[in-house]
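This report covers the packing and side-chain contacts of one protein chain. Please have the structure open while reading.

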Amino acid sequence: MTAMQADMSHHTPRFTAADLRVRMEGLVGGGEETREYGDHLLNPDLVQLMERAEAREAAVLVPIVERADGATVILTKRADHLRKHSGQIAFPGGSVDPEDVSPEAAAIRESTEEIALDPDHVQPIGRLPRYLTTTGFRITPVVAIVRPGFRLVANPAEVEDVFEVPLGFLMTEANHSQESRIWQGTERRYYVMPFGERFIWGVTAGIIRTLYERLYA
C-alpha cells in the first residue's frame, strides 16, 4: 500500500467494502500475480496430477455486499441433483465460454444465470490469483463490490439456496481450520470454515483463505 492508502485503511472501518477496496488497490496489478494458488498448496504431491490434466478456464464472483453492520459475502448452496460438487457451498461462477470477453464477464454472466444478480449492481475491483483444482479447473476469482438493492433468486437447475456470510467472520483466521480425508488412496488436506448450519470447505474455503492471506493476514 502507499502511505495514503495505508492512512485511508487506518481510518476506514475494518471489514467494510470501502476498506476492502483500499486493500485491493494496494496490491500490485489489482491483485494479479503469476503464482497460482490451489489444492496443491496443502497437498504438494498433487502438482504433477494437476499439471497433467487439461485444465479448463473458469471464473467465480467473490461478491462483497456493503451492509449497515459490515460487509457480507454472497455464497450459494449447489443443488443436490448436480453431477459434480452437489450440495456444496460455492461462489457463483462456472466455465469461461468462448463468447466471454474476460473472466469478469464470465463471472457476472454466471451470477446472473445462477442467482439472478443484476449486473448493474456489480463492480469488479480486482482478481485474486488463479486457483487450481484437482477436478481440472483453473479458476479466476473476481472480487466485486455489490451495491445493495438487488433481489436474488436461486435458479433451481443449479442452486438450492443463496445466502450471505459476514466478511469479518470469513476474514478471521480463528474461523479457519484444516481437515483431511482419504482421496484416491492418499490423505488430502483442505480448509473448512463452518458457519452455523453451513459447512464451507474445499475450493470455496481455499479461495476465501487466499483472500485472507492476500489482504488481511
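## Aromatic rings and charges

The structure holds three aromatic pairs. The model is a predicted one.

Two arginines also sit over aromatic rings. The charged end of R56 is placed over the ring of F137, 4.1 Å from the ring centre. R198 has its charged end over the ring of F163, and there the distance to the centre is 3.9 Å.

## The largest nonpolar core

In soluble globular proteins, nonpolar side chains tend to be buried together. Here the largest nonpolar core has 37 residues. Those with the most contacts inside this core are L20, I64, V143, L167, L170 and M171. Two or more residues each come from helix 2 (17-25), strand 2 (56-65), strand 3 (72-78), strand 8 (137-146), strand 9 (159-166), helix 5 (167-170), strand 11 (186-195) and helix 6. Helix 6 supplies the largest share of this core, six residues.

I64 shows how these parts meet. Setting aside neighbours within four places in sequence, I64 is in contact with L20, A71, T72, V73, V143, A144, I145, V146 and L167. Another core, of 16 residues, lies apart from the largest one. Among its members are A59, L61, L117 and V122.

## Helix 6

Helix 6 covers residues 202-215. With 14 residues at 1.5 Å a residue, helix 6 should span 20 Å, and its end C-alpha atoms are 20 Å apart, which agrees.

How much of helix 6 is buried? Eleven of its 14 residues are, so the helix is largely enclosed by the rest of the structure. The buried residues are G202, T204, A205, G206, I207, I208, R209, T210, L211, Y212 and L215.

T16 is in the loop that runs between helix 1 (3-11) and helix 2. Is T16 buried or exposed? Its relative accessible area is 12%, and buried means under 20%, so T16 counts as buried.

The T16 side chain has polar contacts with the backbone on either side in sequence. It reaches the backbone oxygen of P13 at 2.9 Å, and a polar atom of the T16 side chain lies 3.1 Å from the backbone nitrogen of D19. Not counting residues up to four places away in sequence, T16 touches E66 and A71. A71 is also one of the contacts of I64.

Methods:
Residues numbered from 1 in each chain as written. Predicted model: local features only at pLDDT ≥ 70, side-chain atom pairs only at ≥ 80, totals over all residues. Heavy atoms only, no water. Helix = DSSP H or I, 4+ residues; strand = E, 2+ residues; numbered from the N terminus. Expected span 1.5 Å × (residues − 1). Buried < 20%, exposed > 50% of the residue type's maximum accessible area, 1.4 Å probe, protein only. Core = buried A, V, L, I, M, F, W, Y, C linked by side-chain atoms within 4.5 Å. Contact = heavy atoms within 4.5 Å. Polar contact = N/O pair within 3.5 Å; in protein donor to acceptor, adjacent residues only side chain to side chain. Phe/Tyr/Trp six-rings, centres within 6.5 Å; stacked < 30°, edge-to-face > 60°. Lys NZ or Arg CZ within 6 Å of the ring centre and 35° of its normal.
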